[in-house]
Amino acid sequence: MPSTASAQVSPDQLEEYRRELTGYCYRMLGSGSEADDAVQETMLRAWRAADGFEGRSSVRSWLYRIATNICVDMLRSRQRRALPIDLGPASPPVEALLGEQRPDDIWISPIADERVLPEHGDPADIAVARDTIRLAFVTALQHLPARQRATLILCEVLRMPAAEAAATLGTSVPAVNSSLQRARATLSALPSEQRPGPLDADQAGMLDRYVDAFQRYDMELMVTLLADDALMTMPPFAFWIRGAQNICRWMQEPTPSLCRDSILVPAGQVNGVQAFAQYKPDPAGGYAPWSLQVHEVSGGRVSRLTFFLDTKQIFAELGLPSHLS
């Protein structure tokens, strides 16, 4: 690093943008840990180049230009991240069809709202920002080529004017508008299950009822709480299920039924919704981590259920206990 800072850019100025840059890189990459790596590299490159920053653009645009180039480079070296819905058709609720676990690096990973959303600001703006870190939205973005993805996020999520986005991406305003048009067309052509739907403004009451039914493992009640066409995924398995009846049948299969007597602990806001840490009875005593549940409510019922089963890293990132007594 340089031994002296530029007169125009200080480390504190750069740090002011860390949270929003993390949100941008997370939407680009679909991974919280990769977003952290990208932002750290952005800060290092910016600080090393601080003496040469001439102020022709804002510090914010300059940082986004660096972050975009880093994310695009990272995306060249790997396949896009996804959720099980993107990898194949729904399965019958039969445990024998579960299949093997897939590598962690192919899945969208969850992220806490507090890591990527503004700490202060207009509640309406924060609500809009929260909608753009939903799992379905972030997963849909992964279907776009990297440059289109960046254009859509800069213009439609971050509300950057086309001229500023063009300067950030090193292109022209017509190219930005053309890229936006193609990105919107790609997203609108995705199957309905791969696109985010509307969420209920108040989800707390329904999620409370879901938690009660799950902890009592009351499948008769559970089926009434789920949307008829509800979707359930369980990364790192590619297996997924459609329909309230099928989901409740799955929960009564031999291994899934071992979730009976689990405890659900509030885990804060994750990907725009209230999440719950599931602890399953541990034969050695107490309760062991089993999943992070990130569910969505639409039309008065639970419409999307996502169970992240790779709990070690996720629970550590969220500051959740590794065991309950």
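Figure 1. With a relative accessible area of 0%, glutamine 293 is buried, where buried means under 20% relative accessible area, exposed over 50%, and partly exposed in between (1.4 Å probe, protein chains only). Leaving aside neighbours within four places in sequence, the residues in contact with glutamine 293 include Phe214, Leu264 and Phe307, contact meaning heavy atoms within 4.5 Å. Because this is a predicted model, local features need pLDDT of at least 70 and side-chain atom pairs count only at pLDDT 80 or more, whereas totals for chains, interfaces and linings use all residues. Residues are numbered from 1 along each chain as its sequence is written, and side-chain values use heavy atoms, with hydrogens and water left out.

**Figure 2. Salt bridge between glutamate 296 and arginine 134.** The side chains of these two residues meet at 2.9 Å, N to O, in a salt bridge, defined as a side-chain nitrogen of Lys or Arg within 4 Å of a carboxyl oxygen of Asp or Glu. The pair links distant parts of the chain, 162 residues apart, with glutamate 296 in strand E5 and arginine 134 in the loop between H5 and helix H6 (135-141). Both glutamate 296 and arginine 134 are buried. By the salt-bridge rule the count comes to 17.

**Figure 3. Arginine 159 in the loop between helix H7 (146-157) and H8.** Although it is not a glycine, arginine 159 has a positive phi of about 60°. Arginine 159 also forms a salt bridge with aspartate 125, with the closest N and O atoms 3.5 Å apart. Aspartate 125 lies in helix H5 (residues 123-131), 34 residues from arginine 159, and the pair links distant parts of the chain. Arginine 159 is exposed at 51% relative accessible area, while aspartate 125 is partly exposed at 41%.

**Figure 4. Packing of helix H8 (residues 162-169) with helix H9 (residues 173-188).** The two helices pack at an angle of about 95°, with their axes 8 Å apart, the axes being lines fitted to C-alpha atoms, for helices over the stretch in contact, and angles running from 0 to 180 degrees between N-to-C directions. H8 is therefore roughly perpendicular to H9, a term that covers angles of 65 to 115 degrees, whereas those under 35 count as roughly parallel, those over 145 as roughly antiparallel and the rest as oblique. Ala162, Ala163, Ala165, Ala166 and Leu169 of H8 make the contact with Val173, Val176 and Asn177 of H9.

**Figure 5. Asparagine 271 in the loop between strand E3 (263-270) and strand E4 (273-281).** Asparagine 271 has a positive phi of about 50°, although it is not a glycine. At 1% relative accessibility, asparagine 271 counts as buried.

Methods. Helix = DSSP H or I, 4+ residues; strand = E, 2+ residues; numbered from the N terminus.
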